[in-house]
Amino acid sequence: MGQYDQIPGKVIKASVTGQNQFMVETENKCFLAITVISDHIIRLRYSNDGHFEADFSYAVSSRFAPVPPEIDYQDQSNNIMIRTRAMVMNVIKSDGHVIFTDLEGMIICRDEQGYHWEENRQYGGSIVKMSKVVQEGEHYYGMGDKTTHLNLRGRRVTNWAMDTYGFKKEEDPIYKSIPFYTAIQNDLGYGIFFDNTFKSYFDFGSERRTVTSFWAEGGEMNYYFIYGPSLLDVTRRYTMLTGTPELPPVWALGYQQSKWSYYPEKKVRDVAARMREHDIPCDAIYLDIDYMDGYRCFTWDSEKFPDPEGMIRDLAVQGFKTVVIIDPGIKADPDYGVFREGLEENHFCRRADGPLLKGNVWPGDCCFPDFTSPRTRKWWSGLFQGLIEKQGVRGIWNDMNEPALLETEGKTFPEDVRHDFDGNPCSHRKAHNIYGMQMARATYKGVKKYLNGLRPLVISRAAYAGTQRYASSWTGDNIATWEHLWIANMQCQRLSITGFSFVGSDVGGFIDHPTPELYIRWMQLAVFHPFFRTHSSGDHGEQEPWSFGSHALETVRKYIRLRYQLLPYLYTAFYQYVKEYTPIIRPLSMCDQSDADTLYRVDEFQCGDHLLVCPVLEPNVKSRYVYLPKGKWYNFWTQEMMEGGNEIVADAPLEQIPIYVKEGAVIPMGEVIRYFGEKKQEQLTLNVYYGTAETVSWLYEDAGDGYDYEKGIYNLKKFTTQSTGGKFRLSLKTNGHFETEYTTYKIVICGLPFTPSVVRINEKERLLGPEDIMEGVLILEVDKSVFISLEVE
């Protein structure tokens, strides 16, 4: 505790204040409001004087509807006990400390000093603080895009969104501010979401190795305790609380090519033509700030792009969607219509005493919309009509929205800038971390409106908790180094833990120029990241797939094609993220938290339910160590089966990274295409991997764009594999009415421990020919419309 810290003191009163709500009062007039949201989530809000702020959150989803808890509340002599069907919370009367246990009394998490506060004499209000005991063997994960080791034990981090060009390993803070972490000790997983938008800090045993703490420079001590006990369920419940996006258009999961900047129009057309000439699958071309007239948002440079509608239309014929950048800074130019309108309608941020906020960014002096105002968000959404509805742009990329200023101390708005904060007026100290989120929100609303029934793609650099509802993201201005390849792997896993799955990095690095080897290895990793885009600064050379020689081109093309073949699997994983709240990529600690070895592994990760990926993150590598979680795994390339629960040496020549498939899995794969919707898919391949335990795999299908799926026009297919004795069975159950293009399944069964003599399809025996078995792999084609089950013995 600091010299000026104040503490709640003894509990003097406790009461029931509403359904699932309780209030605790202490001798020092501190109040604790407890809301039991579900059996696994409890919210705690502290007030130093009995006055609570308006209960408002940008982070919590309006669609959050948990199962009501079952509560046993008891005001006992030494403590106040609140028991649900999953956990117990005790408030100790002697000091107000809080202890969470499981139903057997095992401690999940307990206060050290607990809540305490310090008067903020500079700004008013309080610096609010919380400290917890670090349990023996405890590990910490999460916190958004931090550039450090995946396991946060022994580290301190800051939440304050910053434009951090060329950030380094361990540099903090950078672009995103997501105040949520997960923890595990004794196989008990939990999470804490500190929903406070002020600048905040988290210390995971750095200052004192037995204490973890978090604090903010203003606002309330308002946090959600989320119990698992599995780490996967902790993330699922946090994601349920803060929301998921709608399903993206499938093309947004394809490969995307970007650069600062592709111009003039001829250059854009040349890049598109060469993509098709080299037979490289690609779905989107990006235009950075140089497409604009003097960097004025929502305009075009008529010399560089004399006919944007015609160019966008021609690109669409070739299968390319056009995505353009939009920054928050609006050039302060009285001859610029957007500026005049924003000024006349009072949409721009102002300083405390009333003058307009002006800051220097790409166009020079700019004003900035107050995206925390509903009226301003509506205005901003309407500005996209020209780009989207008239000119045919299909996606919008929001940059510089931390918010970032150039050549300014602090690199962002002054602290005295005022914001509406949806009717809760405040300074920039409170609004800073959600500024980018609310810009993305307004952009999303506009893009969706003017796409007239198609699904939007919005990308945002800055984010607070819940931004995933509106936008995808990338990890910012990285560097073409091996260290940054490692950082990209950490960041995307960490963001997935914190509810933000639709993320990726600038493939190859934004700053400097990668070697062919680094570019290949980065591409091999990025194939398994949901957002898949090469983006680079033109100052450092070309970074298209053909820019690194013929060997690199061949290898990169192979992996981009693999990405497109895996689209049915990845789109299904995205569906599970949206509907089941499961992260698309998952650290090994989520695969088997009872295995202590997985808690320390950081390179390997799981993609979807059944793929294990181990990228190569160092140069000159021919092989590398890989840890396989418990169970049996198949080498994706060779179909060799191996036992998990140990470390193996995996071949990793430049043309290959280690990929493994869980036993019993069914991996759906499509045909090679150059862009989504290029041609009719005649057949879907089901790669089936023999396993002894019953295993379920899923396949989600719909039109890939539009909203017919909301009317029930989709398929959700459940594949089950099981083995009994000398038999192996694959069965399919379909829910839905979507009519797919393909008419047959190509079923490829790997790893059968016996030579099949009989195959039954829908209980009818089918003769096997020599063409059905190749190198021990059984290959069958069946009619999709009638297939229900397949049995091999």
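Is Gln 524 buried or exposed, and what is its relative accessible area?

Author: The model is a predicted one. In it, Gln 524 has a relative accessible area of 1%. Because buried means under 20% relative accessible area, Gln 524 counts as buried.

The residue belongs to helix α9, which covers residues 516–526. Setting aside residues up to four places away in sequence, Gln 524 touches Thr 555, Tyr 559, Leu 654, Glu 655, Gln 656 and Ile 657. One of these, Leu 654, also places its backbone oxygen 2.9 Å from a polar atom of the side chain of Gln 524.

Of the 11 residues of α9, 10 are buried, and the helix is mostly covered. Besides Gln 524, the buried residues include Glu 517, Tyr 519, Arg 521, Met 523 and Ala 526. The cover over the buried residues of α9 includes α8, β32 (533–534), α10 (550–565) and β34 (605–607).

Two packed helices are described by the angle between their axes and the distance between the axes. For helix α8 (residues 482–497) and α9, the axes come within 11 Å and cross at roughly 5°. Angles under 35 degrees count as roughly parallel, so α8 is roughly parallel to α9. On the α8 side, the residues that meet α9 are Trp 482, His 484, Leu 485, Ala 488 and Asn 489. Their counterparts in α9 are Glu 517, Leu 518, Arg 521, Trp 522 and Leu 525. By class, this contact has 6 nonpolar, 2 polar and 2 charged residues. An α-helix has 3.6 residues a turn, so residues three or four places apart point the same way. Among the α9 residues that meet α8 are Leu 518, Trp 522 and Leu 525.

In strand β51 (residues 789–792), both faces are covered. In a regular strand the side chains alternate between the two faces of the sheet. On one side of β51 stand Ser 789 and Glu 791, on the other Leu 790 and Val 792, and all of them are buried. Strand β45 (residues 727–736) pairs with β51 in the antiparallel sense over 4 bridges, and Phe 728 has Val 792 as its bridge partner in β51. Strand β47 (residues 759–761) also runs antiparallel to β51, joined by 3 bridges; here Ile 761 has Leu 790 as its bridge partner.

Apart from neighbours within four places in sequence, the contacts of Gly 96 are Gly 9, Val 11, Val 91 and Asp 111.

Notes: Residues are numbered from 1 along each chain as its sequence is written. This is a predicted model: local features need pLDDT of at least 70, side-chain atom pairs count only at pLDDT 80 or more; totals for chains, interfaces and linings use all residues. Side-chain values use heavy atoms; hydrogens and water are left out. Helices (H or I, at least four residues) and strands (E, at least two) are DSSP runs, numbered from the N terminus. Buried means under 20% relative accessible area, exposed over 50%, partly exposed in between (1.4 Å probe, protein chains only). A polar contact is a pair of N or O atoms within 3.5 Å; within protein, one must be able to donate a hydrogen and the other to accept it, and residues adjacent in sequence count only if both atoms are side-chain atoms. Contact means heavy atoms within 4.5 Å. Axes are lines fitted to C-alpha atoms, for helices over the stretch in contact, and angles run from 0 to 180 degrees between N-to-C directions. Angles under 35 degrees count as roughly parallel, over 145 as roughly antiparallel, 65 to 115 as roughly perpendicular and the rest as oblique. Ala, Val, Leu, Ile, Met, Phe, Trp, Tyr, Cys and Pro count as nonpolar, Asp, Glu, Lys and Arg as charged, and the others, Gly among them, as polar. Two strands pair if DSSP finds at least two bridges between them.
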